[in-house]
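Please look through the structure shown below, and then follow the report, which takes up a few of its parts one after another.

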Amino acid sequence: MRFVSFRPASCAIAAVALLFAATAPSQAQTRAETLRYVTGASVNTLDPNIPGATRESFALSMSTYDRLVAFGRKQLNGKWVFDLDKITGELAESYDVSPDGLKITFRLRKDAKFQDGSPVTAEDVKWSLDRCVTAPILGKAQLLTGSLTSADQFKVIDPLTIEVTLPKPDKLALPNLATVYPMIINSKVAKAHATTDDPWATAWLKEHTAGSGAYVVESFKPGEQVILKRDEAWNRGSPQKPAFFKRVIVQSVPEPATRANLVERGDADIVIDLQASDVQSLEAKGKLKVISTPQYNAITYVSMNNQIPPFDNVNVRRAIAFALPYDDMFKAALFGRGAPLFGATWPDGKPLNGTYPFQQPVKIDLDKAREYLKAAGLPEGFSTTFSFNVGQASTAEPMAALVKESLGKIGIKVDIQKLPDAQMSTQINEKKLPFFTEGIVAWLPSTDYFYRNFYTGNQRWNYSSTNNSELAAIAQEARFEPDKAKYEEDGRKLNAMHADLMPQIMLWQPNQDAVMVPSIEGYTYEFHRQVDYRDVSRK
Amino acid sequence: MMTGLGSTMVRAGRRLLSSLPALFGVLVFTFLLMRVLPGDPAVFFASGPNAGKEEIEQIRKQMGLDRSVPEQLVYYLSDIGHGNLGRSMMTGQPVLKDLRERLPASLELTFTALLIALVAAVPLGVLAALRPGSIVDHGVRLFCALGVCVPTFVSGLLLIYVFYYLLGLAPDPTGRIDVFTSLPPQRTGFLSIDFLLGGDIDGWWAACKQLILPAVSMALFVIAPLARITRASMLVSLGSDFVRTARSVGLSWRKVVVTYALRNAILPVITIAGIVFSTMLGANVLVEKVFSWPGVASYALDALLSSDYAPVQGFVLLMASLFVLVNLAVDICYGIADPRVSIE
């Protein structure tokens with residue numbers, strides 16, 4: 001045992017400082033050509049179709065694989081967002097929809113090549129789409145919403161032409177082909193790695209890519225980072241040339257404060273999942289570019305299980321809707337960063353339009369709430385629990401406290417229940433939670449889609465467990481309604497029912513706050529709510 | 001001498017064998033505990049925007065949860081017997097591969113932190129013991145109290161704020177190595193050693209810079225128990241007869257304090273260091289999170305939150321085995337520090 005001389009703590013810290021100062025930060029020369037994107041989540045598979053794939057995996061696959069078509073973009077209040085109504089070709093040079101809406105014919109680009117140099121053929125497209133509707137993967141449930149259910153629907157006409165047949169003229173068929181899942185895979189490579197147990201090569205594609213996308217995966221460490229290299233031959237972007245950045249680093253940084261520091265110091269280029277308070281202070285400092293887009297395909301709810309007493313009584317639900325302190329909740333949870341879905345005035349008591357989500361005609365009015373409670377036969381109030389998941393704690397916790405306080409004033413005693421994420425999703429799925437807050441997202445936000453998926457059936461996403469045959473029938477009918485005016489009318493009917501039955505309360509659409517160094521341009525809010533690396537460039 | 005070493009080895013082997021039933025108990029207990037927790041991993045992972053009943057069933061099947069619990073346990077045990085810890089839903093990788101990649105990161109961090117802590121705590125404790133009740137003693141006590149009071153993530157965030165954000169001296173706190181530095185060929189998994197083996201001094205320095213802040217924030221937290229124990233046992237040792245004798249025969253200050261007093265006082269410090277090490281390895285999750293350190297603890301926490309059974313079970317098994325090994329190492333260190341102690 002040798003004696004080690006004692007150093008006071010201050011000396012030790014100074015020594016640490018000196019050590020750091022001794023070497024200048026080593027910056028690679030290609031820094032300007034590299035996009036460093038930091039996120040609290042992580043990529044867990046290279047194939048977004050694998051059950052359990054994270055949102056970051058979805059975003060990654062947009063850059064590593066191409067699809068037949070892609071969404072255009074439009075400006076909404078001065079910010080770029082994806083445009084559901086403008087579908088442009090990606091691997092398809094052009095497409096035609098037959099007059100009866102039952103056939104869509106895609107002509108492929110002649111110059112499109114996979115990353116291994118082989119040409120993209122209609123055979124590859126068919127194999128990939130077949131995989132999406134046949135293999136036990138996530139794409140199946142998604143494509144179902146666009147009436148794409150069987151391999152028979154995809155027909156190769158010639159090496160560069162493929163035809164998709166629909167049983168009904170479904171408005172969502174084409175947009176579905178632009179979503180994450182129906183990516184086009186190099187079928188020769190994938191088939192070489194298929195086994196008899198796994199004919200669609202899901203195991204291999206989870207850790208390898210075989211696509212024609214703008215970026216090639218250089219290294220993939222699940223849960224830590226992915227490094228992408230630009231494919232110089234890729235030309236499917238809007239100006240027909242490769243993506244801007246030569247290299248993209250997608251790195252997981254779990255601590256939100258650290259992510260904020262990184263982007264503020266310019267070490268990271270862009271981040272989209274900061275805490276609302278950090279975003280606000282960074283915006284106030286004015287050094288960084290902050291683009292806040294209300295997530296117009298996502299909604300945060302206060303949900304009530306319409307099958308569990310006392311929430312099976314419509315007047316109880318109405319009482320709650322008039323007893324929530326909306327403005328305070330909006331400020332406390334999101335610092336007002338989002339689009340509110342409350343506080344509208346409907347002059348003649350009818351919906352203003354037929355789009356969902358809509359601003360509801362509710363605001364805090366405790367007298368009205370008490371009247372509704374009396375009408376429900378519960379003038380003394382009742383006790384219940386209000387649940388939220390740990391992952392949402394930073395927004396849901398302050399909100400829950402306000403809900404508890406306000407409902408207490410009309411005699412409803414609320415116990416706040418904070419559940420681990422897995423437990424929360426289990427209980428929602430089993431329909432055991434009476435009263436809780438959760439959010440939803442729809443990739444293809446059309447009114448009928450929202451009502452069909454979030455207000456019907458005994459399934460997880462029907463948070464309110466609504467079981468209303470009239471509502472279900474109108475939504476189902478609207479799905480295949482070709483006449484725009486009639487579709488709008490159906491939407492108004494549904495919205496009026498929603499306001500009357502109050503199955504659950506829409507609170508707001510939170511902002512997607514993209515914070516980036518000032519040199520980054522072109523950021524677009526995408527349907528998958530992640531950064532599409534192909535969109536951005538450096539000034 | 002050889003027989004001494006040989007018999008130590010035999011004893012160590014016997015100790016190892018006798019810990020097997022405990023490990024088995026831990027295995028079964030964790031397995032059952034995970035099944036009792038109310039979250040259903042299948043529902044959690046079937047969270048795509050359209051995932052319905054079919055997807056949930058499919059994941060349940062994939063995770064083997066469609067079988068009865070005793071059946072699952074038998075399969076699990078037979079898998080363990082074949083060296084297969086299952087597959088993580090979170091990262092999509094085999095748990096064994098994940099742990100193998102992440103354990104060196106945690107070990108490197110913990111060893112460094114323990115080293116820093118020992119280097120700081122032992123002299124502090126000795127100093128405090130030499131002048132009990134003095135300003136120095138109180139100063140050490142205050143420093144230790146502060147170290148324990150401030151949770152590691154607070155000290156971690158503070159260090160980041162000062163050294164990275166304000167001063168710009170430290171590299172960005174994102175993992176073991178700067179993203180722009182290329183990795184050395186993997187040999188031990190300890191980056192600081194691999195870089196040296198690869199002869200890449202710049203890389204070694206880059207890895208060390210990443211390591212300093214997290215290691216210091218972890219060390220701050222464990223300096224207190226180590227320093228307090230050193231002080232207490234030094235006090236006993238300094239007050240004993242052999243030190244008085246050594247002093248009276250006029251031995252040098254250094255010889256008295258270091259050779260006689262400290263050597264005799266070090267046994268409890270080793271014990272505590274062993275315990276501290278095991279706890280640090282599992283409990284450094286906050287530091288790992290704050291510094292985006294790709295270690296086993298943050299991996300296990302993420303798995304626990306999403307009810308991902310296999311990684312949690314793998315982690316607990318790993319920790320239990322490490323605990324056994326650390327205790328064994330501590331016992332062997334005892335023998336070296338004090339030949340009178342045997343580990344029978």
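## Where two domains of chain A meet

In this predicted model, nine residues of domain 2 of chain A are in contact with six residues of domain 3 of chain A. On the side of domain 2 that touches domain 3, the residues of chain A divide into four nonpolar, three polar and two charged. The C-alpha centres of these two domains, domain 2 and domain 3 of chain A, lie 36 Å apart.

The division of chain A also includes a domain 1, made of residues 30-65, 213-288 and 517-538, while domain 2 covers 82-187 and domain 3 covers 298-512.

## A four-stranded sheet in chain A

Four strands of chain A form an open sheet in the order β4-β5-β7-β6, and the pairing is antiparallel. The edges of this sheet are β4 (92-97) and β6 (154-158) of chain A, each of which pairs on one side only. On average, and with direction ignored, neighbouring strands of the sheet are turned by 20 degrees against each other.

Strand β6 of chain A is joined to β7 (residues 161-165) of chain A over four bridges in the antiparallel sense, and within this pair A:Lys155 stands opposite A:Glu163. Helix α3 (residues 122-134) of chain A packs on the sheet, where it touches β5 (103-108), β6 and β7 of chain A, and the direction of the helix makes about 180 degrees with that of β6(A). As a general point, strands of a sheet pair through backbone hydrogen bonds, either parallel or antiparallel.

## Strand β13 and its partners

Strand β13 (residues 298-304) of chain A is mostly covered, with six of its seven residues buried. β13(A) pairs in the antiparallel sense with strand β17 (residues 435-441) of chain A over seven bridges, and here A:Tyr301 stands opposite A:Glu438. β13(A) also pairs with β18(A), again in the antiparallel sense, over four bridges, and in this pairing A:Ser303 stands opposite A:Gln504.

## A closer look at A:Ile505

Why does A:Ile505 count as buried? A:Ile505, which is found in strand β18 (residues 504-516) of chain A, has 23 C-beta neighbours inside 10 Å and therefore counts as buried, since 20 or more are needed for that label. Leaving aside its neighbours within four places in sequence, A:Ile505 is in contact with A:Tyr301, A:Val302, A:Ile320, A:Ala321 and A:Leu324. A:Ile505 and A:Ile162 are 343 residues apart along the chain, and their C-alpha atoms are separated by 44 Å.

Chain B contains 15 helices and zero strands, and its C-alpha atoms fill a box of roughly 85 × 55 × 40 Å, taken along the principal axes. Of the 344 residues in chain B, 44% are buried. Among the contacts in chain B with a separation of 6 or more, 71% are between residues 24 or more positions apart. The UniProt record, in an unreviewed entry, places the feature "domain: ABC transmembrane type-1" at residues 103-334 of chain B; this span is 79% helix and 0% strand, and its end C-alpha atoms lie 26 Å apart.

The contact between the two chains takes 59 residues from chain B and 53 residues from chain A. Several helices of chain B each supply at least two residues of the side that touches chain A, including α6 (95-130), α10 (201-238) and α12 (253-283). By class, that side of chain B has 36 nonpolar, 15 polar and eight charged residues.

Methods. Residues are numbered from 1 along each chain as its sequence is written. Chains are lettered from A and ligands numbered from 1 in the order in which they are written. This is a predicted model: local features need pLDDT of at least 70, side-chain atom pairs count only at pLDDT 80 or more; totals for chains, interfaces and linings use all residues. Two residues are in contact if their C-beta atoms, placed from the backbone, lie within 7 Å. Ala, Val, Leu, Ile, Met, Phe, Trp, Tyr, Cys and Pro count as nonpolar, Asp, Glu, Lys and Arg as charged, and the others, Gly among them, as polar. A residue is buried if 20 or more other C-beta atoms lie within 10 Å of its own, exposed if 12 or fewer, and partly exposed in between; C-beta atoms are placed from the backbone. Domain bounds come from an automatic or database domain assignment. UniProt positions are given in the numbering used here, feature names are shortened, and annotations may be inferred rather than shown by experiment. Two strands pair if DSSP finds at least two bridges between them. Axes are lines fitted to C-alpha atoms, for helices over the stretch in contact, and angles run from 0 to 180 degrees between N-to-C directions.
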